[in-house]
Amino acid sequence: MEQPDTIIHQPVRLKIMSALKVLPPGEMIEFVRLRALVQVTDGNLGAHIGTLEESGYVEVEKDFDGKKPRTRLRLSKSGRKAFADYVSYLKDIIEASQP
Amino acid sequence: MALSPDQAQEALRDIAATERRSFEAYGYKAAAPFLILWGLIWIAGYAVSDFAPLLSGKVWLALAVIGSLGSFIIGGRQKGGGKTVRFDWRIAFTWLTGIVFFTALFAIMAPVDGRQMGAIFPLFIGTSYVVLGIWIGMRFVLAGLLIAALTLIGFYYVDQHFALWMAVLGGGTLTATGLWLRSA
């Protein structure tokens with residue numbers, strides 16, 4: 001990878017992907033919890049989630065918890081791979097710069 | 001758009017920081033319902049031990065069964081994303097490990113009275129939370145230290161109503177910690 005994955009490279013999306021990556025496979029995080037971790041507004045977070053969903057990196061589920069609407073998301077298989085590739089890309093840059 | 005080594009370092013630092021916070025928050029959320037359940041069980045069990053000591057053996061046994069079943073259900077629901085209940089054998093083996101440990105411990109050095117019995121389990125739980133917290137997050141460390149400290153203070157300085165002390169402060173701390181973790 002000579003160029004960073006521009007979808008993941010954006011700082012808010014990078015935080016979203018990092019937060020999702022540590023969840024056990026299949027485990028989902030609620031929108032409100034993710035917002036607390038990433039520390040952005042609802043609208044901003046929603047827009048970035050939309051971009052990640054369109055690129056196939058995250059899977060979004062909307063349902064009801066009792067009577068309350070709930071949005072949850074997790075990394076997709078391709079998202080997990082893209083994130084691993086992005087981290088490798090960063091590590092390669094650092095390694096290449098060392099004498 | 002190639003990145004400089006400094007930008008790459010900064011991105012890796014951001015990733016590590018967010019991963020740590022997410023892992024911590026996940027651990028808190030997963031543990032919260034167990035702490036609330038067992039906090040309520042401590043409140044009930046120790047209250048009975050204080051007000052009706054003759055009943056305490058049977059009541060604690062019943063509460064342990066209720067707590068175990070409740071823990072299995074909570075664990076199963078968490079594995080099923082809150083929808084389906086599935087049996088998680090790791091919970092069963094965690095219980096089995098605890099039972100074997102205490103059976104062996106009591107075989108070697110059995111508590112001589114109810115007061116010691118009432119102190120040893122909270123001390124073990126408090127220590128376990130401190131250890132867990134070292135790996136997951138500070139809130140577990142603080143809760144563990146508080147539970148262990150309250151147990152020792154009660155054991156050495158509360159004469160007549162140690163069980164009531166443990167009901168209110170031990171069980172109360174466990175329940176309050178569960179609510180605190182849930183809000184993390």
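Analyst: Happy to! Across the interface of chain A and chain B, the rule finds 1 salt bridge; the term stands for a side-chain nitrogen of Lys or Arg within 4 Å of a carboxyl oxygen of Asp or Glu. Before going further, please keep in mind that this is a predicted model, in which local features need pLDDT of at least 70 and side-chain atom pairs count only at pLDDT 80 or more, while totals for chains, interfaces and linings use all residues; side-chain values use heavy atoms, without hydrogens and water. Residues are numbered from 1 along each chain as its sequence is written, and chains are lettered from A and ligands numbered from 1 in the order in which they are written.

Which parts of chain A face its partner? At least two residues each come from α1 (6-9), α2 (11-21), α3 (31-38), β2 (58-65) and α5 (77-97) of chain A. Here helices (H or I, at least four residues) and strands (E, at least two) are DSSP runs, numbered from the N terminus. The largest share of this side of chain A, 9 residues, belongs to α5(A). By type, the side of chain A that touches chain B holds 14 nonpolar, 5 polar and 8 charged residues. In that sorting, Ala, Val, Leu, Ile, Met, Phe, Trp, Tyr, Cys and Pro are nonpolar, Asp, Glu, Lys and Arg are charged, and the others, Gly among them, are polar.

In total, 27 residues of chain A are in contact with 23 residues of chain B, where contact means heavy atoms within 4.5 Å. About 2300 Å² is buried between the two chains, with carbon and sulfur atoms giving 63%. A:Arg33, A:Leu37 and A:Ile94 supply 26% of the area that chain A buries against chain B, more than any other three residues. Buried area is the accessible area (1.4 Å probe) that two parts lose on being put together, summed over both.

Now for the charged pairs inside chain A. Side chains of opposite charge can pair when their charged atoms come close. Over all chains, the structure holds 8 salt bridges. In one of them, A:Arg74 meets A:Glu59 at 3.0 Å, N to O. A:Arg74 lies in strand β3 (residues 68-75) of chain A and A:Glu59 in strand β2 of chain A, so this pair ties together parts that are 15 residues apart in sequence. A:Arg74 is partly exposed at 22% relative accessibility, and A:Glu59 is partly exposed too, at 35%. For these labels, buried means under 20% relative accessible area, exposed over 50%, and partly exposed in between (1.4 Å probe, protein chains only).

A:Glu61 pairs with A:Arg72, the closest N and O atoms being 3.4 Å apart. This pair links distant parts of the chain, with A:Glu61 in strand β2 and A:Arg72 in strand β3 of chain A, 11 residues apart. A:Glu61 is partly exposed at 28%, whereas A:Arg72, at 8%, is buried.

A:Lys81 is exposed at 53%, while A:Asp85 is partly exposed at 31%. Elsewhere, salt bridges that share partners join A:Glu59, A:Glu61, A:Asp63, A:Arg70, A:Arg72 and A:Arg74 into one network.

One charged residue does without such a partner. A:Asp5, in the segment before α1 of chain A, is buried yet has no salt bridge, and the nearest side chain of opposite charge, A:Arg13, is 7.4 Å away. For charge, Lys and Arg count as positive and Asp and Glu as negative, while His and the chain ends are not counted. The side chain of A:Asp5 does make a polar contact with that of A:Tyr57, at 2.6 Å. Leaving out residues up to four places away in sequence, A:Asp5 touches A:Tyr57, A:Ala82 and A:Tyr86.

Notes: Polar contact = N/O pair within 3.5 Å; in protein donor to acceptor, adjacent residues only side chain to side chain.
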